[in-house]
Amino acid sequence: MLTVMFAMLFTLASPQGAHAQTAELLGRRSAPSDSAATEPAYKMPDWLANIVGGAMKVQIQLNREMTATLREAKQGNSWWPALSIIALSFAYGVFHAAGPGHGKMVTSTYFLSRDAGWKQGVAMGALIAATQAVSAIALVGILGLVFDLGPAEITRNGLLLELASYALIVVMGGYMCLRIAQGRDDCCDHGPIGHTHDHNHHHNHSHDHHEHDGHSHDGHDHAGHLAEAHSHDHEHVEPKAAQTGRYNAITSAIIVGLRPCTGSILMLLFTLANGLFLVGIVAAFAMAFGVALTVSAIGLAAIGIRFGSQKLFSLPPVWSDWIRRIVGFGGAALITLFGVILFLSASHQMGWI
């Protein structure tokens, strides 16, 4: 899993990797450049290169089909081309999310390094994808429709959103490291639901011993030991740690999703230029649904790996607690490193460094 994450990280962070990822979006071909011959800083294993390469080939083919379908939708009056665009966008989202990207790296690292359930994994993947779609729609809609900016200016502002997202990832990772170092993070808490017990014990012992002349004990009452008077009130409340964990997961998903999906931006730009912006909005959400499926699957895989490792290697509670903290701190530090590398790469693309 770490090999996969580092391979994707260096592919995305390098200028060649970023260029290769966006060169043929929506059927655009890139001109050859001298930098294309430069050896990458990190070479993927052959099996991983085959998987990523296959996903990107499918993605490029989908780009071309979407481009042709968009032209057909503009020229005709039928709804079938528009529906085809939406379906192709969904498929594009599935395969696009399988390629290099920061969302998968942060999600897998996040769930590998902390306790979480499958619902949280699915929810985080869905929220990342939805935030990316809304971010892309807001970017193109506001800058294109309201301020009437061209594609180049909109794309440049999209890079600014990327920088903001990467900077926030660095802050998020540092904050997680600090909380773990202070012992206040949710990576090491046990169980998502707290359990409080309110035990009320009512014992009523009445002894009436008044007639000792005839040694009568008719008033002797031991009914006070009634089981009915022994009541247990159980109240299930969510502890503060679980609430904090949910808040951290939501915040992390929004930070990661703040960077708009490149495919969504280009799709929206193309539909805006051809007077089909509403179709582009629906297609952007369809693409987000496809992304959500893939990212959620990656999150669930990370949760499964962590859960399986815990079951496979049963350790004493003291050792287990220390290992969870070390792994949690390592995951938070790795997220911080991801953010730093991606921020520097985006700054280089902007010409700042």
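Guide: Helices (H or I, at least four residues) and strands (E, at least two) are DSSP runs, numbered from the N terminus. This is a predicted model, where local features need pLDDT of at least 70, side-chain atom pairs count only at pLDDT 80 or more, and totals for chains, interfaces and linings use all residues. Residues are numbered from 1 along each chain as its sequence is written, and side-chain values use heavy atoms, without hydrogens and water.

Visitor: How many helices and strands does the protein chain have?

Guide: The protein chain has 11 helices and four strands.

Visitor: And how do I read a nonpolar patch? Which residues form the one on the surface here?

Guide: A patch gathers residues with over 30% relative accessible area and no salt bridge; nonpolar side chains (Val, Leu, Ile, Met, Phe, Trp, Tyr) are joined within 5 Å, like charges within 9 Å. A salt bridge puts a side-chain nitrogen of Lys or Arg within 4 Å of a carboxyl oxygen of Asp or Glu. Areas come from the Shrake-Rupley method with a 1.4 Å probe, and for residues only the protein chains shown count as cover. Here Leu 312, Phe 313, Leu 315, Val 318, Trp 319, Trp 322, Ile 323, Ile 326 and Val 327 form the patch, together about 1,000 Å² of accessible area. Helix 11 (residues 317-350) gives the largest share, six residues.

Visitor: Is Val 318 buried or exposed?

Guide: Buried means under 20% relative accessible area, exposed over 50%, partly exposed in between (1.4 Å probe, protein chains only). Val 318, in helix 11, counts as exposed because its relative accessibility is 57%. Across the protein chain, 42% of the 353 residues are buried.
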